[in-house]
Amino acid sequence: AWRKKNKAWEAEIVKVMESWSDRLDIAYSTERSVQDELAKETDTDIPTIAISYIVMFLYVGFALGKFIPVEKSARFFVRTKFALGLAGVVLVLFSLVISVGICTYAGIKATLIISEVIPFIVLAIGVDNVFILHSAFENTLPSDPLHHRMGMAMASVGLSIICAALSEAFAFALGALTSMPAVQAFALYSAVAILADLLLQMTVFSALITLDAKRADQQRIDCIPCISVGGFHNRLEDFSRESRAVMDASGQTVGEDRELPFLARLFRDKVAPFLLDPRVKVGTIIVFFAWWIVAGSFVNKIELGLPQDEALPSDSFLKKYFAYLADYLQVGPPVYFVVKSGQGKEFLDYSDYALQNKICSKSSCDSNSLGNTIGSYSRAPNVTWIASPLSSWLDDYLAWIVSRSCCRFVFCESTAPFTDGRHYCPPITTAEFPDDIACENCDGMQTCVSSDELRDNCQNNLCDRASRDHFDEYFPVFLNSSCGDACGSCGNHYHGDIAPLATHNGINVNYFSVDGVSATRYTTYHPALRTQSDFINALEAAYDLADDLSKKLDLEIFPFSSYYVFFEQYLHIKNIAGVVLGCAMAVVAIVTLVLFRSPVLTVIIVLIVALVELGVAGIMGMWDISFNAVSVVNMVSATGIAVEFCVHLCHSFAAHGGTRDERVEYALTHIGSAVFSGITITKFCGVSVLAFARSEIFVVYYFRMYLGIVVLGATHGLILLPVVLSLFGP
């Protein structure tokens with residue numbers, strides 16, 4: 001109930017601030033504001049995402065069919081493939097449903113990245129296979145039985161489809177070995193979705209292609225097959241009039257087929273001759289080599305992090321709030337150094353002088369103690385990222401227990417925790433220690449620690465410590481004491497800094513027992529942190545300092561601040577990305593080598609995929625795209641998309657007979673055109689819509705990055721790869 005009240009109160013505060021915005025220049029935020037704005041962003045960008053998928057579907061429906069001249073416009077309704085295109089897209093969506101079902105049943109939680117990225121990557125791969133499989137079917141003899149034609153199509157492109165899908169699925173699956181939850185979940189969901197999509201396309205979609213061909217043979221209207229359109233020439237007569245010689249996967253002539261589609265003729269008559277010109281080959285290598293140098297020079301300009309304002313809608317009031325924080329905030333976040341009872345110790349005994357000297361910041365403490373080290377670091381905040389000395393309950397207690405104005409008592413009626421007639425006299429009235437008559441009327445007010453005791457417990461030639469017995473005895477009193485004009489040291493605000501042991505040697509330990517402490521924290525501050533780099537550098541500096549102190553002091557010390565949970569990933573993300581992408585390359589190499597049995601093709605494919613990844617990294621540096629979990633996921637997706645651009649073309653090249661140039665021409669004509677009309681144009685249609693998204697995160701990480709991935713994949717797969725195959729192919 002109280003949570004609902006808090007949320008309602010914060011929502012009302014936002015409304016009040018909005019009403020003041022027309023009269024005051026005010027920037028505001030509440031605890032729930034970021035969550036609310038992210039939810040609003042997701043809702044407002046749903047129409048944009050929906051339009052993106054609709055555009056891709058419409059394109060698939062048009063592109064799978066054949067455009068008919070106006071005088072034969074009635075044939076348009078027979079020769080279109082809207083139903084087949086819809087079926088192909090629906091099967092991709094079914095693969096996503098299967099992936100979500102299996103992964104959620106296995107207890108793998110879905111994330112925002114999964115819902116936004118996986119549909120794009122699976123649709124890219126799935127639609128590409130739809131075009132390639134349909135193109136292979138259309139290039140078979142129309143006079144053959146449908147099942148024989150589908151068998152020939154599978155023999156032609158089935159191996160490359162399986163090779164690409166297995167490479168991508170295993171590459172994604174290895175991403176689950178990383179320690180980053182977002183990447184783990186994405187990798188597993190993607191792997192299952194790609195395998196499910198492969199199964200559905202090799203079985204269901206192949207059957208749907210034959211059913212659609214049967215519908216076209218019977219002159220039935222697309223999407224309404226119950227209606228037949230008469231008045232056409234026989235389909236086989238049409239094909240005999242538009243025939244040309246084609247070859248099967250082994251390069252043998254199998255008969256006559258209909259005229260090639262426009263894109264196939266374009267690749268055969270224009271693209272292939274241009275790329276196979278010796279001068280163009282040399283120029284292509286030079287241009288791409290120059291691009292790799294430029295891209296590599298921008299890699300070191302990539303910054304870590306995910307600016308909060310990038311995840312917000314463009315009109316969010318929080319953008320102004322975060323901008324004002326960066327411009328005007330002069331105080332950094334607090335950072336706590338936690339000291340635990342590790343290193344083989346069951347608990348921390350703070351009455352031990354040796355432990356006190358390792359922690360405190362008094363002049364009698366060790367020079368390299370926690371407190372003294374933090375104090376020296378705070379003098380150079382721009383270098384150390386520590387802006388203030390340590391706030392330590394131990395320092396205050398050591399000062400409080402020997403102070404004549406803080407820790408004092410009289411011998412009258414005993415007060416807890418004393419039982420020997422002592423009565424604690426606080427410097428001010430508190431609820432725990434009321435200002436009763438005893439402290440005024442009883443004689444002999446004494447300090448808690450006498451001068452003799454101080455002389456008996458000198459540390460480093462300074463006499464300012466209580467005995468171990470008195471240290472334990474007065475600790476509960478200190479934790480209930482309050483500060484006042486006469487005493488600046490008190491302990492009632494340190495309750496949250498001390499974690500007691502539940503039991504010690506099987507006996508319940510008093511909450512305020514010093515020798516029952518399992519962990520304590522000590523507070524300092526970072527300087528004002530304005531950029532993502534500042535937050536990451538401060539976090540890294542705190543971890544380095546804690547590790548150094550742990551080794552020197554033989555204690556278990558670690559730092560914590562409220563923002564660390566969001567930025568700790570950046571301490572490891574580079575290594576994680578390297579491992580994931582390296583494993584993906586290794587999987588692609590193994591699968592292609594096993595299925596293609598050609599070391600040369602394997603090296604070429606892996607090299608092209610690696611160069612695409614280099615280009616993606618270069619684009620990130622050029623467009624100021626930060627390196628974070630979203631961009632890592634996109635780079636893993638780029639591996640899968642690059643494989644799609646390479647594997648099918650390489651398989652067609654290897655399976656066809658003739659010289660290198662002849663095989664490249666054949667591969668470009670029959671497979672390159674399908675890849676271009678499939679994954680390239682389809683993704684261009686879908687990605688371009690995302691440029692109009694209200695959220696900057698969609699524009700930056702999904703429009704810009706995926707636009708770059710598609711452009712790099714298309715140029716490397718359809719321009720550089722044919723040139724490399726013509727020069728170095730097997």
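**Exercise 1.** At what angle do helix α10 (residues 278-299) and helix α22 (residues 599-622) pack, and how far apart are their axes?

*Solution.* The model is predicted: local features need pLDDT of at least 70, side-chain atom pairs count only at pLDDT 80 or more, and totals for chains, interfaces and linings use all residues. Residues are numbered from 1 along each chain as its sequence is written, and side-chain values use heavy atoms, with hydrogens and water left out.

Step 1. Helices (H or I, at least four residues) and strands (E, at least two) are DSSP runs, numbered from the N terminus. Axes are lines fitted to C-alpha atoms, for helices over the stretch in contact, and angles run from 0 to 180 degrees between N-to-C directions.

Step 2. The angle between α10 and α22 is about 55 degrees, and the axes are 7 Å apart. The two helices are therefore oblique to each other (angles under 35 degrees count as roughly parallel, over 145 as roughly antiparallel, 65 to 115 as roughly perpendicular and the rest as oblique).

Step 3. The contact (heavy atoms within 4.5 Å) brings residues of α10, including W291, W292 and F298, against residues of α22, including L611, L614 and M622. Its composition is 11 nonpolar, four polar and no charged residues (Ala, Val, Leu, Ile, Met, Phe, Trp, Tyr, Cys and Pro count as nonpolar, Asp, Glu, Lys and Arg as charged, and the others, Gly among them, as polar).

**Exercise 2.** Characterise the packing of helix α23 (residues 629-655) with helix α25 (residues 696-728).

*Solution.* Step 1. The axes come within 9 Å and cross at roughly 25 degrees. Consequently, α23 and α25 are roughly parallel to each other.

Step 1. Among the residues in contact are F645, L649 and F653 of α23 and Y702, Y706 and L721 of α25. By class, the residues of this contact divide into 19 nonpolar, five polar and no charged.

**Exercise 3.** In what order do the three strands of the open sheet lie?

*Solution.* Step 1. The order is β7-β6-β8, with antiparallel pairing (two strands pair if DSSP finds at least two bridges between them).

Step 1. β7 (422-424) and β8 (446-447) are the edge strands; each has a single partner strand, so one side of each lacks a neighbour in the sheet.

Step 2. Strand β6 (residues 408-411) is joined to β8 by two bridges. R408 has T447 as its bridge partner in β8.
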